[in-house]
Amino acid sequence: MAYVAVKGGERAISNAHALLEEARRGDPSVPELLVDQVREQLSLSVDRVMAEGSCYDRDLAALAIKQSAGDVAEATFLMRAYRTTLPRFGFSKPVETAAMAVRRRISAAFKDIPGGQVLGATFDYTHRLLDFKLAAEGADPVAPAPQALEPMVHPLPTISSVFSHENLLEQEARIDGDDEPFDLTREPMSFPAGRDQRLQALARGDEGFLLSLAYSSQRGWGSTHPLCGEIRMGEVPVEFIPDELGFPIEIADITLTECIMLSGFAGSAERAPQYTRGYGLTFGHNERKTMSMAIVDRALRARELGEEVDAPCQDEEFVLYHSDNVEASGFVQHLKLPHYVDFQADLLFLRKLRAEFFDRKAAAEAITALQMEPAE
Amino acid sequence: MNAQSNDAALTATSNSPERYYTYGYLDEQTKRMIRRAILKAVAIPGYQVPFGSREMPVPYGWGTGGIQLTAAIIGPDDVYKCIDQGADDTTNAVSIRRFFAKVADVATTEDTAEATIIQSRHRIPEHPLKDGQIMVFQVPQPEPLRGLEPREMETRAMHAYEEYGLQYVSLYENVSAFGRIAATAGYPVMVDERYLMSPSPIPKFDNPKLHNSQALMLFGAGREKRIYAIPPHTTVRSLDFEDYPFETQKWEESCALCAADDSYLDEVVLDDQGQRMFVCSDSHYCSDRRAQGLRGPMAGHELVDIDKDAGQ
């Protein structure tokens, strides 16, 4: 059979894009998905795209999910490519998660914790049985969940406040609100990485990658013996100081998930033994990601705490250079681009090596044949 | 997605409500930041300058570094050529050329001599470059030592101390294993006798074109966030040993379409019975020679028509 030489061309590209549009829409007899529906009913996908896309906008994230036919990594890329075109006005004041309007808060460290355990909307303790009622059209409207009889404590005390009188847990690392934080979207990665750079990279990082790294740490590849001090999810106000005003104004309420992992520290000559913390924070409701981030953050502090660095999750160049799925996805998939010029160079080299191999073999066989010749 | 509305967003006249992006796509502050990185790169030939690489509307690994360089230097008077694997009609080259035709209202060409900016992946055109032209290379991995040392902190120190022993040991290991230096593309070079540099994955066939070039050579690695440069008339030496001198690829065949025996050839598989033809990788060089009436043994082959079709 004859092969068709693959050559590009504008027509091929635009036809492929028309086909993509058609594939994205699917069967036209099924009503088109609205962006509102994605935003309201696929809210956890929206949260993941906002977090990894580093852009807090539920409507744009929903649009990106629709446009990418539900491919979350592709949607993240769309968000990033849009975000990069926006002007940067400055940086907000640090958000106060202690003052969060909490929707969910749990601590695994204590049976009860001041303010109580607040389960909120969670998959935890559900039985993972497919609910075929959801597949039926025109299902009954969802009944409203029962309301608590009394309002929640606000502000809800944090795990830090529980420990504060004993100094069992290291102090929160607080940065001065006026110090401009490192910004990976403006500056390239540099090493050794500061805490701000590390946390930003992890907050933007791929959930799957961080999950597996955290898991590897739990299984002994750089274990930090983590204990879930606190997870909280809810709304916090964002404050910004415009140059022309000189005082902070509230510009938004955003949903955040925060996790503090406790991890033992044996102490040193200078420092008393105490719990250290690993920190996770993401946009939206991203519990799996936030917990993974907290474990990996703590693992990456190995050098700072004088621990041995021998596992992948403790190696900051390894972790921070490979956690971004927009970079990773682009580079892995660039292998689809033609490489025939390099391949031709490689082929020439391999053919030369093979020719030499067979020459040597033939020469060796000729010598063996001569030696085998019966002496006369 | 919707081609028409996207066009409006990129090309509508400045300040009109449909225009959501600046001229050349990047905002002016970003362009200035990139130009400053370019100036530093030109001032220190072969040194990798870190820069605040932006997310682009094409994926990392697909030319984001080259696109950012071009976006920072292009103006309405430029004539832009974009090639991939030496050819103007490869899909990604077409896509990037369309991008700049759209966002920079710039004239495009396939003619190497006519272009003021030539963006390329994996090749340097055969036609010698001249004073005033700028080559923009798309670079997947700017660090020539990365294959030998994965850590950035280490490799930066090695460049700072001009400590390139590891590279020579690796070449020596090649010689003992294969009887020759094994690098075939992305063959490491020494720039201005100071910085070891990756020429990007161009075949070593193209390395001599870097030496004392009349054109400015700019290299952009978007994902790795590095820019480096070879200014015109700079010494560029491909690494070798006295007894194992640097040499370029050679073919027994000449181009089947234009009979060139001095160009880099691609092997085109014609069937699964082992039949193949060799044609110029530089599509413009080849068509130019055919236009001059030069004919190879398979001149008039359907591949010529495919070239024409793609240009439509």
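Which strands of chain B does helix α2 (residues 28-43) lie across? I looked this up in the predicted model, where local features need pLDDT of at least 70, side-chain atom pairs count only at pLDDT 80 or more, and totals for chains, interfaces and linings use all residues. Residues are numbered from 1 along each chain as its sequence is written, with chains lettered from A and ligands numbered from 1 in the order written.

Chain B. I found α2 of chain B across β1, β8 (216-221) and β9 (226-230), at about 45° to β9(B). Helices (H or I, at least four residues) and strands (E, at least two) are DSSP runs, numbered from the N terminus. Axes are lines fitted to C-alpha atoms, for helices over the stretch in contact, and angles run from 0 to 180 degrees between N-to-C directions. Helix α3 (residues 64-73) of chain B also packs on the sheet, touching β4, β5, β8 and β9, and its direction makes about 150° with that of β5(B). Contact requires C-beta atoms, placed from the backbone, within 7 Å.

I then read the strand order of the open, mixed sheet in chain B: β1-β9-β8-β5-β4-β2-β3. β1 (49-50) and β3 (107-108) of chain B are at the edges with a single partner strand each, so one side of each has no neighbour in the sheet. Strands pair if DSSP finds at least two bridges between them. Four bridges join the parallel strands β4 (residues 117-121) and β5 (residues 134-138) of chain B; I noted Ile134(B) as the bridge partner of Ile117(B).

Chain A. I recorded twelve helices and four strands. The C-alpha atoms of chain A fill a box of roughly 110 × 70 × 55 Å along the principal axes.

Technical notes:
Contact = placed C-beta atoms within 7 Å.
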